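Thank you all for coming; I would like to walk you through one model this morning. Please keep the sequence and the structure open while I talk.

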Amino acid sequence: MKKIILLSLIFFTLIASNSCKKSLDVASSRVVNEVNYWNTLEDARAGIMGVYGLTRAALADNNGHWIYGDVRMGNFVSPVRQDLKAVVNNDLNASYPVVNQLSNWRRFYAVVNAANTFIERIGEVKKKDPRYTSNNMQVDLAQIRFLRAFAYFYMARIWGDVPLILTTHDGTFENRPRTSQGAVLSYAQGEMEAAALELPYVYSANDLQQPGQYYNQGSGRWGGALIAKLGAYAMAAQVAAWQGKYADVVKYTRIVMTEFLPETHLLSVAEHLHTTMVM
């Protein structure tokens, strides 16, 4: 009887192990692999929206945007939450879950890596899908360069010296030396200015730098959702101010305040300015 039970256990174990192996060998139908990506206009849109999504996640996680800025600067008092009180007191080594999670820069490097991947691979879409025009790619790359620079601006504000990584290194991860805060901020400012030159004032509004509908959506879909020219200049002014480059601050803000725009564009500009001011 014991032999029968033992043989039965062995039999079912073999079946289970083979089943597991077969199920592990089956490629997931829910994940797009590298071979099937970077082929179409839709892949390009998914890629750029993914970088925007990661940027939002980095700022929204644990209300990081608020805690990194207003709370850490001491603009609020926390009579109840001890973790927020530790941030207010600049006790950033305190052992609280929120402090520990916000001390990890992984979320921002996820933005950087996604941006680097987009920059390196988007040319493949241009070659394979005739719907993806040179202008579309130019505007997309400008946004991606801005978002990458924005991530570095935030990291330099929070951690000072950080590794400046501008390539994906084929998916390998290695320890990189930190770049000085000054060099990172200078890089971010330069990238934001370069991006601003390529960005439209408003998307899907027959702008000279982005004619026609952007990804087949009207201006109402993109207003306040994507970085545009004046928003990029406004943020570049803030990065310049962090470095004490006030001549550049004047240059950028003059562009923001004096550039002629049709009345219908003013709302989008106001939204971008409000976003940059609260940062």
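Which residues do ring pairs link into a cluster? Before I answer, a word of caution: this is a predicted model, in which local features need pLDDT of at least 70 and side-chain atom pairs count only at pLDDT 80 or more, whereas totals for chains, interfaces and linings use all residues. Residues are numbered from 1 along each chain as its sequence is written, and side-chain values use heavy atoms, with hydrogens and water left out.

Now the answer: the cluster joined by ring pairs consists of Trp 105, Phe 108, Tyr 109, Phe 146, Phe 150, Tyr 152, Phe 153, Tyr 154, Trp 159, Tyr 187 and Trp 242. Rings of Phe, Tyr and Trp (for Trp, its six-membered ring) pair if their centres lie within 6.5 Å, and planes under 30 degrees apart count as stacked, over 60 as edge-to-face and the rest as tilted. By this rule the count comes to 16 aromatic pairs. One of them is formed by Trp 105 and Tyr 109, an edge-to-face pair with 5.5 Å centre to centre and 75° between the planes. Trp 105 is partly exposed, at a relative accessible area of 22%, while Tyr 109 is buried, at 14%; here buried means under 20% relative accessible area, exposed over 50%, and partly exposed in between, with a 1.4 Å probe and protein chains only. Trp 105 also pairs edge-to-face with Trp 159, at 5.7 Å centre to centre and 80° between the planes. That pair links distant parts of the chain, since Trp 105 sits in the loop between α5 (97-102) and α6, and Trp 159 in helix α7 (residues 134-159), 54 residues apart.

Let me turn to the chain as a whole. It has 12 helices and 0 strands, where helices (H or I, at least four residues) and strands (E, at least two) are DSSP runs, numbered from the N terminus. Buried residues make up 39% of the 279 residues. Of the contacts (heavy atoms within 4.5 Å) between residues at least 6 apart in sequence, 68% join residues at least 24 apart.

Next, helix packing, with axes as lines fitted to C-alpha atoms over the stretch in contact, and angles running from 0 to 180 degrees between N-to-C directions. Helix α2 (residues 41-60) and helix α6 (residues 106-128) pack at about 170°, with axes 9 Å apart. That makes α2 roughly antiparallel to α6, the term for angles over 145 degrees, whereas those under 35 count as roughly parallel, 65 to 115 as roughly perpendicular and the rest as oblique. The contact includes Leu 41, Ala 44 and Val 51 of α2 and Phe 108, Ala 114 and Phe 118 of α6.

In the second case, the axes of α8 and helix α10 (residues 229-242) come within 9 Å and cross at roughly 160°, and these two helices are therefore roughly antiparallel to each other. Among the contacting residues are Leu 185 and Met 192 of α8, and Tyr 233 and Trp 242 of α10.

Finally, consider Tyr 215, in the loop between α8 (181-198) and α9 (219-222). Tyr 215 is buried, with a relative accessible area of 6%. Not counting residues up to four places away in sequence, Tyr 215 touches Leu 41, Ala 44, Arg 45, Tyr 132, Asn 136, Asp 140 and Trp 222. Tyr 215 and Ala 44 are 171 residues apart in sequence and 9.6 Å apart in space, C-alpha to C-alpha.
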